[in-house]
Amino acid sequence: MQLDVVLSPLLQVVFDKLATPFLEEITNIFGFKEDLKKLLRTVRSIQTVLKDAEERQLTDRALRNWLTELKEVAYEAEDLLDECSPEVMLSGNRNRFIEQVRVFVPSLGNFASCINMLPKLEQIKEMLDVLAEEKSFFNLSEVSVNNNSSCRSKSRGMRKTGSLVIESEVFGREGDRGRIVEQLLSPGESVGKISVISIVGIGGLGKTTLAQLVYNDERVKKHFDLKIWVCVNDDFDVGKIMVLILESGSKSKCDFFGMDALQSRLQELLLEKRYLLVLDDVWNEDHNEWDNLRTSLSSGVEGSKIIVTTRSEKVATIMGTTYIHHLEGLSEDNCWTLFKQRAFGHNEDHHPNLSTIGKQIVKKCGGVPLAAKTLGSVMRFKREEREWLFVQESDLWDVSESDNGILPALRLSFSHLASHLKGCFAYCSIFPRNYIFKKEKLIQLWIAEGLIQSPEGRRSLEFIGNEYFDDLVWTSFFQAVQRDDHGNIIEYKMHNLIHDLSQSVSGSEYLKLEDNSIVRGLSLIRHSSVVCDFSLYTIPEALYEAKKLRTLILVFPRGDLGEVPSGVFSSFRYLRVLDLSGSGLKKLQESISSFIFLRYLDLSNTQVETLPEEVCYLFNLQVMNLSCCYNLIKLPSHIGKMFKLKHLIITGCERLTKMPALIGNLKYLRTLSMFIVGEGMDESLRELQILNLGGELNIRHLENVKDATEALAANMLGKRNLRSLELSWGNDRGQLNRDNDFDGTLGYEVLNYLQPHENLKKLFVKGYRGNYFPGWMNVHKLPNLTELVLIACRRCEHLPTLGQLPFLKVLYLQGMDAVKIIGEELYGSGSVTTFSSLKELTLIDFPNLEFWWPFNQREGFPSLVKLTVRNCLKLHNMPCFPLLKHLELRSCNDRILQSVSDLASLTIIVIEEFKEQLVFLEKLLQNNALLMSLTIGSCPKLRTISPNLGKLNNLKNLTVRWCEELLSLPHGLQNLTSLESLEIIECHSLISLPENIQGLSSLRSLSIENCNNIASLPLGLQFLTALEHLAIMYCPKLDSFA
């Protein structure tokens, strides 16, 4: 497989660094100014032809060699320019930091060491001059450097498809066909509208085959008056597509060429017909082109449908898709069927030993039918076991180079990427298969490596990186794995074949070391990961040959690194990224200061207690991740001098007790996950004033605020990018270090002045000592709030007005000692519905709460799914929650069960720490026939459980624990045919289980623990055929089956 050389982003970085005022001043002082101008012109002239060169390199080996040589020179240029940057020279002259930071004044003489750089820059200029002359040999087209439009060849990867399909050779797509046919036969959105159905998935997944199956379905044939099939490919020429539509629809050659004639003829063809049009293999991302075509398709009748097959969800969206069908991979069994059909024909039985190996080979396919067919074809004429074993152990791209194989099909997706996306995708090749990518982290890595550029500097690199990432998601290069509470995808992975593709296009500068493999010739490697396992748990000696290394990432480390190996400091001086997360690092050496180019440092989940002060000399550092460093007790004292730092991530560093002074000097800081208010002026809230922070911020020890105006100076209202804010007084238990807030006035003023921006989504307030909440806690000031947590606000007698917050999904209230009534002030006024979006509500530790106002004539909590009430012993009533699914009541008054006994929608009930008999539990069970899980615990006076338990036909989990007076389980227990798990723990009065326990036909897990008086088990136990787990522990009287 030929490798792409992606150069545009790197050369733009070089140009930007050559064009800095600092370098202009330096070259002017030392007489190199004109040479610098010539060098800039040379770089710009090369940039104008790069788009064409990168596109044509696949078919021109000499051109690809030219690009490779040019990239090496560009790397050398960037390293050299970084070495003489102001930041690097400052790190080498620390004793005169204050004087030399004034870069643009006569103290430039202090940077005389730059003169040693100029001869090397002259050499680079000469090499670039030669390469610039050579570009004329290739007849490259010039494109404006600022023109981001694609110049990809329209003929690359062209393929022709038709509507015919051999159904007997298609497996595992009946469900997909059924869902799409259902969409086709259903009515359109409205009269005059064309419904568009898109089939989206990676190359080779079978999108075209699925469209063919649907196209030829008998139900579809009967439903539509006219069916048309057009293979579009990447040349979305409206005129050509109209000709193809006419030819497919009329089954005759089209001799029309003018647009007006084509439109008229097409409208005649479709007039008064319900038609189905398949546009296969669409790549177009131009709204206007699609609009032009759609206009000519409007003469069909209601119910006309268009099926689009595409690799890009972005394309599907542009085409106004009404239903997107994300095509999934086939099962291994179906892939095996396709594979053996190609590999053996009808002679599988003759080769049982090869079949065993073949099933392992099929796992490489990742559910992609084209991969199964390709590998099957490769094995067709191989009958030696060693040949099959070789394929099993080989990478997919080493097995076949067929033009119709899977990797050429996938490579077409890569070739359609813009140049800047190709570089970002290739970078992902250093990660192992099935690696979980965190979006934010990967974007930070791309930025650190210079793969993301902001052409005009108007948008942040993080914003642009987010767009890059989303583009790769749209085109199926990444797949979603996990979403956050707001539905945003935060974790992704690559399909195995996409990962293989990244390996095949990444080139000689990327290396993934794993399995203790021996690699030679590492001089060109610039980005490497070390995938640790039992055989490879530290940095291999061979890697130290890669003297130009820019990225070093330990993946899945064992956690016993201790110290950074000395070879890392001596060999990798050009590092931009160092990721030692989870490595077990206990000490970071002072030599870290030798990494003068370092931009990204990840020490998260390590055991470091302190960091050396030398970290503060990493003046290029942009990201320092120390999250979950639970032993970290102190940050370096001069972090305030790391003026390029953008992300200081210290989430989970619970042992930190103070912040470094003057952290407010970091004007580029965008992430500061925790700020601890100190007693000194340079540790006060004023340090936050100019910081444009985003993401999460936890402000601790607000009891140290002496003057409320400090809170006002923090300018929280101006921090529009903050999404989560935690404000806490004292420690996590709400205890204060000193009582400077006895009357609550100062606490109220501080909280009032800490009003956040309306964009905030999550707010946590802990240990607040005021007597009431400020007025900004309402719909008008926090309209976008989705989660609110109030803990240990013990003096507040009333809750804030929250009922009208339109997006509030989670409300957690704990430790509200002074609240006696939850009144109408919580709901607010002016709307029929209150808490319209709330899904989870928790009340814990309300020792004096007695009454909870009902909603009267309004609809309350219409979306509430989960309710937890704990330690509210005086509360006798609750409103009705009509759609509640999950109810947890712990340590409450028995009468509260009465107020919820009419609920009829529950699927989960947890009742614990009730002192009475649970007399109202019977009605609650009777009314909730859909119940799936029931837990009863710590109810010392409970003697029997309602017979209604036996009527819960949907119950899957039953747990009864710590009920000391429980005498028996109801005889109806055997009727619970859906029950899968039964736990009986510390029920000391229980003597036996019901005799007919064999009725629990679905029971998979049974645990009986610490039941002192159980003497025997029912004989029916041996007939529980579904039982997988049986645990009987600490039952001293148990000696037999009954």
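This is a predicted model: local features need pLDDT of at least 70, side-chain atom pairs count only at pLDDT 80 or more; totals for chains, interfaces and linings use all residues.
Residues are numbered from 1 along each chain as its sequence is written, and side-chain values use heavy atoms, with hydrogens and water left out.

**Overall picture**

- The protein chain holds 28 helices and 39 strands; helices (H or I, at least four residues) and strands (E, at least two) are DSSP runs, numbered from the N terminus.
- With a radius of gyration of 34 Å, close to the 31 Å that the globule rule gives for 1042 residues, the protein chain is as compact as a globular protein of that length. The radius is taken over C-alpha atoms, and the rule is 2.2 Å times the number of residues to the power 0.38.
- Along the principal axes, the C-alpha atoms of the protein chain fill a box of roughly 95 × 80 × 65 Å.
- The accessible surface of the protein chain is about 44,900 Å², and 49% of this belongs to carbon and sulfur atoms. Such areas come from the Shrake-Rupley method with a 1.4 Å probe; for residues, only the protein chains shown count as cover.
- Of the contacts (heavy atoms within 4.5 Å) between residues at least 6 apart in sequence, 64% join residues at least 24 apart.

**The sheet of β1 to β5**

- Here 5 strands make an open sheet with parallel pairing, in the order β2-β3-β4-β1-β5. Two strands pair if DSSP finds at least two bridges between them.
- At the edges sit β2 (226-233) and β5 (323-326), each pairing on one side only.
- On average, neighbouring strands of this sheet are turned by 15° against each other, direction ignored. Axes are lines fitted to C-alpha atoms, for helices over the stretch in contact, and angles run from 0 to 180 degrees between N-to-C directions.
- Strands β3 (residues 275-282) and β4 (residues 305-310) run parallel and are joined by 4 bridges, with Val278 having Ile307 in β4 as its bridge partner.

- Let's start with β22 (residues 762-766), which pairs with β23 in the parallel sense over 5 bridges; Val765 stands opposite Leu790 in β23.
- Strand β23 (residues 787-791) is mostly covered, with 5 of its 5 residues buried. Glu787, Val789 and Ile791 point one way from β23, Leu788 and Leu790 point the other way, and all are buried. In a regular strand the side chains alternate between the two faces of the sheet.
- Next, β23 pairs with β24 (residues 810-814) in the parallel sense, again over 5 bridges, and Val789 stands opposite Tyr812 in β24.
- Strand β30 (residues 866-872) pairs with β27 in the parallel sense over 5 bridges, and Leu841 stands opposite Leu867 in β30.

**An enclosed helix: α23**

- Helix α23 (residues 496-505) is largely enclosed by the rest of the structure, because 9 of its 10 residues are buried. Among them are Leu497, Ile498, His499, Asp500 and Leu501.
- The buried residues of α23 pack against α17 (369-378), α19 (406-415), α20 (419-427) and β9 (510-513).
- Just after α23, Gly507 takes a positive phi of about 80°.

**Loop residues worth a look**

- His701 lies in the loop between β20 and α25, and its phi is near 55°, a positive value in a residue other than glycine. Most residues other than glycine have a negative phi, and most peptide bonds are trans.
- Glu703 is placed in the loop between β20 (694-700) and α25 (708-713), and it counts as buried at 2% relative accessibility.
- The side chains of Glu703 and His701 make a polar contact (2.6 Å). A polar contact is a pair of N or O atoms within 3.5 Å; within protein, one must be able to donate a hydrogen and the other to accept it, and residues adjacent in sequence count only if both atoms are side-chain atoms.
- Glu913, in the loop between β32 (908-912) and α28 (921-927), has a positive phi of about 65° although it is not a glycine. At 30% relative accessibility, Glu913 counts as partly exposed.

Definitions and conventions:
Buried means under 20% relative accessible area, exposed over 50%, partly exposed in between (1.4 Å probe, protein chains only).
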